[in-house]
Amino acid sequence: MDKKTEEFYIRLKEELEQSTSWPSEYLYKFIIPTDPQKKEELNKVFDNMGAVITTKASAKGNYFSFSIHVTMENPDQVIEKYLEVSKIEGVISL
């Protein structure tokens, strides 16, 4: 992880600790290329967590947007999922 990314996650953790009481529902938003394998990879990251996952295809059908509502135990768990998802090629975290 590069220094800029590490600083981002440190800042995110601090903000989540200050603004939220845990456990809490968290909303993730991602955009991925329209590829069934990538869609499956993203779904697997949140498998067996009770996540509510909503997908929507882009107007031209080149991308899927994902909104994922899931209860997380703490800020570290939130960041852990972002890091897992970042391993999927082409994913954009919003």
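Helices here are DSSP runs of H or I with at least four residues, strands are runs of E with at least two, and both are numbered from the N terminus. Before going on: this is a predicted model, where local features need pLDDT of at least 70, side-chain atom pairs count only at pLDDT 80 or more, and totals for chains, interfaces and linings use all residues. Residues are numbered from 1 along each chain as its sequence is written, and side-chain values use heavy atoms, with hydrogens and water left out.

Back to that pair. Glu7 and Lys3 form a salt bridge, with 3.5 Å between the closest N and O atoms. By salt bridge I mean a side-chain nitrogen of Lys or Arg within 4 Å of a carboxyl oxygen of Asp or Glu. Lys3 is exposed at 61% relative accessibility, while Glu7 is partly exposed at 40%. The cut-offs are under 20% relative accessible area for buried, over 50% for exposed, and partly exposed in between, with a 1.4 Å probe and protein chains only.

How many salt bridges are there by this rule? The count is three. Another one joins Lys13 and Asp76, at 3.0 Å from N to O. This pair links distant parts of the chain, since Lys13 belongs to helix α1 and Asp76 to helix α3, 63 residues apart. Lys13 is partly exposed at 27%, and Asp76 is partly exposed at 44%.

The remaining salt bridge is between Glu84 and Lys81, whose closest N and O atoms are 3.3 Å apart. Both residues lie in helix α3, three residues apart, or about one turn. Is Lys81 buried or exposed? Lys81 is buried, with a relative accessible area of 9%, whereas Glu84 is partly exposed at 28%.

Now helix α2, residues 36–45. Its buried residues are Lys38, Leu42 and Val45. They lie on the same side of α2 because they span an arc of only 55 degrees around the axis, taken from the directions from the helix axis to the C-beta atoms. What do the buried residues of α2 pack against? They pack against β1 (24–33), β3 (63–72) and α3 (75–85), where contact means heavy atoms within 4.5 Å. On the face turned away from the buried side are the exposed residues Pro36, Gln37 and Lys44.

Last, the start of α2: there a side-chain oxygen of Asp35 comes to within 2.8 Å of the backbone nitrogen of Gln37.

Terms used
Polar contact = N/O pair within 3.5 Å; in protein donor to acceptor, adjacent residues only side chain to side chain.
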